[in-house]
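Welcome, and please load the model in your viewer. We will go from one selection to the next and say what is there.

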Amino acid sequence: MPTPRLAALVDTGRVVMRIVLGEWVALAPDIDRIAERLHALQSGRQEMELRSLGAKLVFYEGRLAEAWERFAHMSELGMQRPGEAWRAWGPVGQCEVGLCLGGLDEAQVQALFERASGLLTEMENVDAAYVLRRHGLAARLAWRRGDAAG
């Protein structure tokens, strides 16, 4: 009989396979249920990975307001549990969604970028992919300001 943590991780693998296979229908609620299980098991990293996956999924599906809310929730969780690399995932996602969502002024999106950038800077030695993501966001913001050189 598998432990509860192992069972949750196996279910996580099933969710990931559904994404790979393009079986996205009704997937977000399954992701949320598994994330809650992982939260109860105090598996913070795996929980946040799934929450990020759920937020990205609804973002890719074009459900921008829901993606915004999901990333905002991750941002709040990250503030409650400092010290992990995933603390930046919520603010980065909010910034990316904010660029697409509309209704936010440039100062709001810039403030999200600054928060995400600060957290990403702390992580530069952890994961170079986040360095590239930060530079991509900076370039998109500069372009919107009409600062092609930036």
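Begin with α4 and α5, which are roughly antiparallel to each other (an angle over 145 degrees; under 35 counts as roughly parallel, 65 to 115 as roughly perpendicular and the rest as oblique). This is a predicted model, in which local features need pLDDT of at least 70 and side-chain atom pairs count only at pLDDT 80 or more, while totals for chains, interfaces and linings use all residues. Residues are numbered from 1 along each chain as its sequence is written, and side-chain values use heavy atoms, with hydrogens and water left out.

**Stop 1: α4 and α5**

Select residues 64-80 for helix α4 and residues 89-101 for helix α5; the two pack at an angle of about 155°, with their axes 7 Å apart. Helices here are DSSP runs (H or I, at least four residues), numbered from the N terminus. Axes are lines fitted to C-alpha atoms over the stretch in contact, and angles run from 0 to 180 degrees between N-to-C directions.

The crossing of α4 and α5 is left-handed, meaning that the near helix is turned anticlockwise from the far one by less than a right angle (clockwise would be right-handed). Now show side chains: among the residues making the contact are Trp 68, Phe 71 and Met 74 of α4, and Trp 89, Val 97 and Leu 101 of α5. Contact means heavy atoms within 4.5 Å. By class, this contact has twelve nonpolar, five polar and no charged residues. Ala, Val, Leu, Ile, Met, Phe, Trp, Tyr, Cys and Pro count as nonpolar, Asp, Glu, Lys and Arg as charged, and the others, Gly among them, as polar.

**Stop 2: two arginines**

Stay on α4 and pick Arg 70. Is Arg 70 buried or exposed? At 15% relative accessibility, Arg 70 counts as buried (under 20% relative accessible area; exposed is over 50% and partly exposed in between, with a 1.4 Å probe and protein chains only). Beyond its neighbours within four places in sequence, Arg 70 is in contact with Ala 28, Asp 32, Gly 54, Ala 55 and Val 58.

Next, pick Arg 51 in helix α3. Arg 51 also counts as buried, at 11% relative accessibility. Not counting residues up to four places away in sequence, what does Arg 51 touch? The partners of Arg 51 are Ala 35, Glu 36, His 39, His 73, Met 74 and Leu 77.

**Stop 3: α2 and α3**

Select α2 together with residues 44-60, helix α3: their axes come within 8 Å and cross at roughly 165°. That makes α2 roughly antiparallel to α3. The crossing is left-handed. The residues that meet include Ile 31, Ile 34 and Leu 38 in α2, and Leu 50, Leu 53 and Leu 57 in α3.

**Stop 4: α1 and α2**

The axes of α1 (residues 4-20) and α2 (residues 27-40) come within 10 Å and cross at roughly 155°. This crossing is left-handed too. By class, the contact of α1 with α2 has ten nonpolar, one polar and four charged residues.

**Stop 5: two loop residues**

Most residues other than glycine have a negative phi. Zoom to Ala 26, in the loop between α1 and α2, which has a positive phi of about 60°. Ala 26 is exposed, with a relative accessible area of 52%. Then go to Gln 42, in the loop between α2 and α3; its phi is positive as well, near 60°. Gln 42 is exposed, with a relative accessible area of 72%.
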